[in-house]
Amino acid sequence: MIRNGLIAGMFVGCCGTFQAVACTGIALTAADGSYVQSRTIEWSLGELDSEYVVIPRGEQLFSFTPTGEKGLRYSAKYGLVGLSVARSEFIAEGINEAGLSAGLFFFPRYGGYESYDPSQNDRTLGDLQAVTWILSQFASIDELKAGLSSVRIVALTEMSVVHWRIGEPSGRQVVLEIVGGVPHFYENEVGVLTNAPGFEWHLTNLNNYVNLRSGDAPAQRLGGIELYPFGGNSGFLGIPGDDTPPSRFVRAAFYRATAPKRATAFETVQQCFHLLNNFDVPVGIEHPLGESPDIPSATQWTSAIDLTNRKVYYKTAYNNSIRCIDLNGIDFAKVGYQSHPLDEVREQPVVSIEIE
């Protein structure tokens with residue numbers, strides 16, 4: 001039963017501390033029109049055992065329920081590739097062959113689904129499996145909006161609450177939040193997402209930083225003395241530096257807004273990884289001194305998905321080498337369902353330079 005698995009313990013830990021999960025998402029568009037959605041995924045209490053998952057067209061799928069019974073059963077209309085957490089069924093970020101991308105972000109206390117009703121198991125979809133359902137069933141955001149009422153999304157444990165980021169190759173992105181059992185879609189024109197509070201609150205909170213700008217603040221006189229910047233980037237003085245979701249949202253929004261537009265999709269993918277390096281969460285800051293787990297980073301993996309060219313890029317805490325899965329090389333009518341660890345070997349490759 002799901003309630004006895006790793007995911008239950010994972011969310012018990014999350015709701016006890018709220019610092020355990022701290023995902024940050026940033027989207028960028030290249031000068032050639034290519035659209036990239038990137039994100040980090042954090043878990044500071046141990047290994048997530050993440051995998052990359054390939055689901056073929058026509059695969060028979062089902063959802064878990066809070067009691068361990070099978071819920072919604074369905075067939076994949078579209079093949080997809082996703083990156084999972086805790087177990088292969090829980091895809092946290094992915095893209096399908098039509099170019100639709102979706103990912104989940106932890107959303108404690110502010111979100112709330114419909115109550116689980118065993119009599120409606122045939123419509124019941126676990127929140128941690130919603131990304132798989134979205135990507136396997138729909139080719140566009142509007143199709144998802146029309147089809148969402150056919151399922152009842154519920155929490156697989158009492159503590160698990162998430163919201164979702166969904167994007168199209170056109171560059172359109174929405175945030176889906178379920179509050180009090182009611183779904184709300186928000187057009188995401190700022191192009192970033194973190195965790196709680198709700199998306200609209202984060203947009204309002206940006207007004208607290210109206211003074212921020214790229215470059216340097218001008219020198220000015222205060223009484224009889226002249227004030228001047230100590231160094232570069234003084235225009236960002238006052239931007240929050242902690243790892244709470246509101247602070248990460250502000251930083252991500254300003255980093256994205258000031259990022260120069262790159263020419264190609266791959267250059268934009270690289271830029272996304274560089275931007276998200278600023279959101280790596282080191283082990284130790286979320287634990288009492290001496291009690292952090294033996295993992296290299298709370299940021300367990302970072303991904304960048306090129307929706308235009310159907311490519312999934314990722315790197316991990318153990319191996320910062322960027323790896324790529326090209327959906328164009330997969331025949332989703334013939335490939336079998338499969339999942340593999342993100343790292344074959346948990347070790348950072350190092351290239352030795354020979355000096356003669």
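Two aromatic rings of Phe, Tyr or Trp count as a pair if their centres lie within 6.5 Å. Keep that in mind as we walk through this predicted model.

Q: Which residues form one aromatic cluster?
A: Let's start from one pair and then widen the view. The rings of phenylalanine 236 and tyrosine 255 have their centres 6.3 Å apart, which is within the 6.5 Å cut-off. The cluster that includes this pair is made of Phe236, Phe254, Tyr255 and Phe279.

Q: Is the pair of phenylalanine 236 and tyrosine 255 stacked or edge-to-face?
A: The angle between the ring planes decides this, and planes under 30 degrees apart count as stacked. For phenylalanine 236 and tyrosine 255 the planes are at 20°, so the pair is stacked.

Q: How many residues apart in sequence are the parts that phenylalanine 236 and tyrosine 255 tie together?
A: Both residues are buried. Phenylalanine 236 lies in the loop between β16 and α5, while tyrosine 255 belongs to helix α5 itself. The pair therefore ties together parts whose separation in sequence is 19 residues.

Q: Which elements do the buried residues of α5 pack against?
A: Helix α5 covers residues 245–258 and has 14 residues. Among its buried residues are Phe249, Val250, Phe254 and Tyr255. The buried residues of this helix pack against β1, β14, α4 and α6.

Q: What kind of pair do tryptophan 133 and phenylalanine 138 make?
A: A search of the whole structure finds 10 aromatic pairs. In the pair of tryptophan 133 and phenylalanine 138, the ring centres are 5.1 Å apart and the planes are at 85°, so the pair is edge-to-face.

Q: Is tryptophan 133 buried or exposed?
A: Buried means under 20% relative accessible area. Tryptophan 133 has 4% relative accessibility, so this residue counts as buried.

Q: Which backbone oxygen does the side chain of glutamine 137 reach at 2.8 Å?
A: Glutamine 137 is found in helix α2 and counts as buried because its relative accessibility is 10%. Its side chain makes a polar contact of 3.2 Å with the side chain of serine 136. At 2.8 Å, the side chain of glutamine 137 also reaches the backbone oxygen of serine 75.

Q: At about what angle does helix α2 run to β7?
A: Helix α2 spans residues 130–137 and lies across β3, β6, β7, β8 and β11. Relative to β7, this helix runs at about 40°.

Q: Which strands stand at the edges of the open sheet of eight strands, and why is one side of each left without a neighbour?
A: The order of the strands is β13-β12-β11-β8-β7-β6-β3-β20, with antiparallel pairing. Each edge strand has a single partner strand, so one side of each is left without a neighbour in the sheet; these strands are β13 and β20.

Q: Which residue of β6 is the bridge partner of valine 54?
A: Strand β3 covers residues 51–55, and β6 covers residues 80–85. The two strands run antiparallel and are joined by four bridges. In β6, the partner of valine 54 is valine 81.

How values were computed
Residues are numbered from 1 along each chain as its sequence is written. This is a predicted model: local features need pLDDT of at least 70, side-chain atom pairs count only at pLDDT 80 or more; totals for chains, interfaces and linings use all residues. Side-chain values use heavy atoms; hydrogens and water are left out. Two strands pair if DSSP finds at least two bridges between them. Contact means heavy atoms within 4.5 Å. Axes are lines fitted to C-alpha atoms, for helices over the stretch in contact, and angles run from 0 to 180 degrees between N-to-C directions. The expected span of a helix is 1.5 Å times one less than its number of residues. Buried means under 20% relative accessible area, exposed over 50%, partly exposed in between (1.4 Å probe, protein chains only). A polar contact is a pair of N or O atoms within 3.5 Å; within protein, one must be able to donate a hydrogen and the other to accept it, and residues adjacent in sequence count only if both atoms are side-chain atoms. Rings of Phe, Tyr and Trp (its six-membered ring) pair if their centres lie within 6.5 Å; planes under 30 degrees apart count as stacked, over 60 as edge-to-face and the rest as tilted.
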